[in-house]
Amino acid sequence: MSPIKIGIVGCGNISGIYFKNLCTVFSNVSVKSCADLDPERTAAKVKEYPGVQVCTLEAMLADPEIKIIVNLTTPQGHFPVAMQAVAAGKHVYSEKPLTLTRDQGKTLLAAAAKAGVMVGNAPDTFLGAGIQTCRRLIEDGMIGTPIGAQAFMLCHGHESWHPDPEFYYKVGGGPMFDMGPYYLTALVSLLGPVKRVTGSARISFPQRTITSAKKNGQIIDVEIPTHVTGIMDFASGAIGTITTSFDVWASNTPRIEIFGSEGSLSVPDPNTFGGPVKVKLKGEKEWRDLPLTCGFEANGRGIGPSDMADAIRTGRTHRANGALAYHVLDLMHAFHDASTNGSHVAIESTCKKPELMREGLFDGNW
Ligand SMILES: NC(=O)c1ccc[n+]([C@@H]2O[C@H](COP(=O)([O-])OP(=O)(O)OC[C@H]3O[C@@H](n4cnc5c(N)ncnc54)[C@H](O)[C@@H]3O)[C@@H](O)[C@H]2O)c1
């Protein structure tokens, strides 16, 4: 079967791994063209991938062969580019977050439903071997009934390495909107949707100094909270906590742990696709490593659009879907709203746990 053709919009930092995987790993898709506001960036991509053409976004949207737009623009670009894609009758898969605001998210999902196209969103790391293995273990009852979960993403921001780090400190950035999607998507796929949250958020450093090479010494005014803690009541009854921070120099906290009535599960870094997966059940003295039971251990970014392509072919729902991404967006806003209002926030949105990946999948083969 011939691959489903993709156009990539946004050829910046993260695009490298998407080009690599969508051009060389996932065989059910192929990249036909790419667009960026910066012509040097598209030129660099087509030099590396001569089979890909440079074009404008308009030309990409007018190309009847292209079925999926992969939107790798900075957060401010996610909504306008996705809306243009949907208006052109294309399926669209964007980087995270889904959109800046809840209203934009609702508008996008409604427009896509009307147009009969799919909306997909990063992250797709939860489709990797690590978190899929955890999901199977929980659903098979290994740790009993989930009681609680904790998640930590603590670092000192991205201005030391990213060439253009300003967007991380503007609306749509911050540790919750930037890194929260990995952790929250993993938690929702493991434990199901959330019904109520509260949270606290602060800006610890009102200005940040870029120390990466290109803009070394430039100052960024911080517009969004950079240390955010949330508490989540899952619909299942489990209670979760999450802290995301760009203000922390050092920490020994785990990434994600799930606490069950029969034992605890250590979930791998949800910004990766592999392990380790560890468990310690009641009565056991040590944590022990468990084997991964699914495919996609290496950096599989792009598996989301590849899954979407398979879903287009087979008529099923794709996993990294708009309802899940909207629920995660809703949670991220709700932590900030709770902090501002000093309250709990009831979560209006919900979603289904995405379908488990099939056992025995190997990289690049559906
Ligand atoms: N850098 C990372 O490690 C990383 C990791 C995971 C996810 N992401 C996410 O990926 C997205 C992009 O991040 P990045 O680091 O690649 O940013 P970047 O600034 O390096 O690249 C973004 C590119 O998009 C282009 N662009 C912006 N608006 C556009 C538009 N309307 N039309 C065409 N091109 C447009 C810019 O010119 C730029 O080349 C963000 O949402 C980010 O959260 C980044």
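Begin with two helices: α7 passes α9 in a right-handed crossing, where right-handed means that the near helix is turned clockwise from the far one by less than a right angle, and left-handed anticlockwise. This is a predicted model, in which local features need pLDDT of at least 70 and side-chain atom pairs count only at pLDDT 80 or more, while totals for chains, interfaces and linings use all residues. Residues are numbered from 1 along each chain as its sequence is written.

Select residues 174-191 for α7 and 322-341 for α9, whose axes come within 9 Å and cross at roughly 120°; helices are DSSP runs of H or I with at least four residues, numbered from the N terminus. The axes are lines fitted to C-alpha atoms over the stretch in contact, with angles from 0 to 180 degrees between N-to-C directions. The two helices are therefore oblique to each other, a word for angles that are not under 35 degrees (roughly parallel), over 145 (roughly antiparallel) or 65 to 115 (roughly perpendicular).

Next, colour the contact residues, among them M176, F177 and L184 of α7 and L331, M332 and F335 of α9; contact requires C-beta atoms, placed from the backbone, within 7 Å.

Now step back to the domains, which are domain 1 (4-121) and domain 2 (128-294 + 329-346), with bounds from an automatic or database domain assignment. Their C-alpha centres lie 26 Å apart, and their contact takes 11 residues from each of domain 1 and domain 2. On the side of domain 1 that touches domain 2, select α4 (75-87) and α5 (102-115), the elements that give two or more residues.

Conventions:
Two residues are in contact if their C-beta atoms, placed from the backbone, lie within 7 Å.
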